[in-house]
Amino acid sequence: MTSTTFQPAAHHGGSAATAPRGEAHALIADDGRRLAASWFEPPQGPARAVALVSSATGVPRGFYAAFAQWLAARGYAVLTYDYRGIAGSREGSLRHERASMRDWAVLDMSAALAAAQARGEGRGLPLLLVGH
């Protein structure tokens, strides 16, 4: 069994200019809520798998950008997203946000999973789920 250690691309021989960049996208949950998301694509060649990164409670997707870049540089198409009420998915005042952990799990994670599955459809790409 081999193991791989996570290191941002800049520390792994890459540079900021060659590191994969996240492209902004929007996911739409079943209740119509718009969720901010980012896709990180492999810089060279087609993806060998799709990775979905679900953030820790209350953590913005940007926290995982370096990890997503690292995965993309190794051939993964990576989707990160903000749960409703967090960072790019916040609508208005946080005080008036009525999102629950159940909303995050049932609605938001489902929207992200559907997008990740759609990305790999037709090509038979494996799906990696990363939770924090």
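1. Leu71 is buried, at a relative accessible area of 6%. The residue belongs to helix H1, which covers residues 65–73. Beyond four places in sequence, Leu71 touches Ala51, Tyr76 and Val78. Its C-alpha atom is separated by 8.5 Å from that of Phe40, 31 residues apart along the chain.

2. The model is predicted, and confidence should be read along with the geometry. Mean pLDDT for the chain is 86, with 85% of the residues at 70 or more. Residues 1–18 stay under 50 in pLDDT. For that segment the model has 13 contacts beyond four places in sequence.

3. Strands S1 (residues 22–28) and S2 (residues 34–40) run antiparallel and are joined by seven bridges. One of the pairings is Ala24 with Ser38 in S2. Five residues lie between the two strands, which form a hairpin. In the turn, Gly32 has a positive phi of about 90 degrees.

4. Ser55 sits in the loop between strand S3 (49–54) and H1. With a relative accessible area of 5%, Ser55 counts as buried because that value is under the 20% cut-off. The Ser55 side chain reaches the backbone oxygen of Val59 at 3.3 Å.

5. Which residues is Ser55 in contact with, leaving aside neighbours within four places in sequence? They are Pro60, Arg61, Tyr64, Tyr81, Tyr83 and His132.

Methods:
Residues numbered from 1 in each chain as written. Predicted model: local features only at pLDDT ≥ 70, side-chain atom pairs only at ≥ 80, totals over all residues. Heavy atoms only, no water. Helix = DSSP H or I, 4+ residues; strand = E, 2+ residues; numbered from the N terminus. Buried < 20%, exposed > 50% of the residue type's maximum accessible area, 1.4 Å probe, protein only. Contact = heavy atoms within 4.5 Å. pLDDT = per-residue confidence, 0-100. Pairing = 2+ DSSP bridges. Polar contact = N/O pair within 3.5 Å; in protein donor to acceptor, adjacent residues only side chain to side chain.
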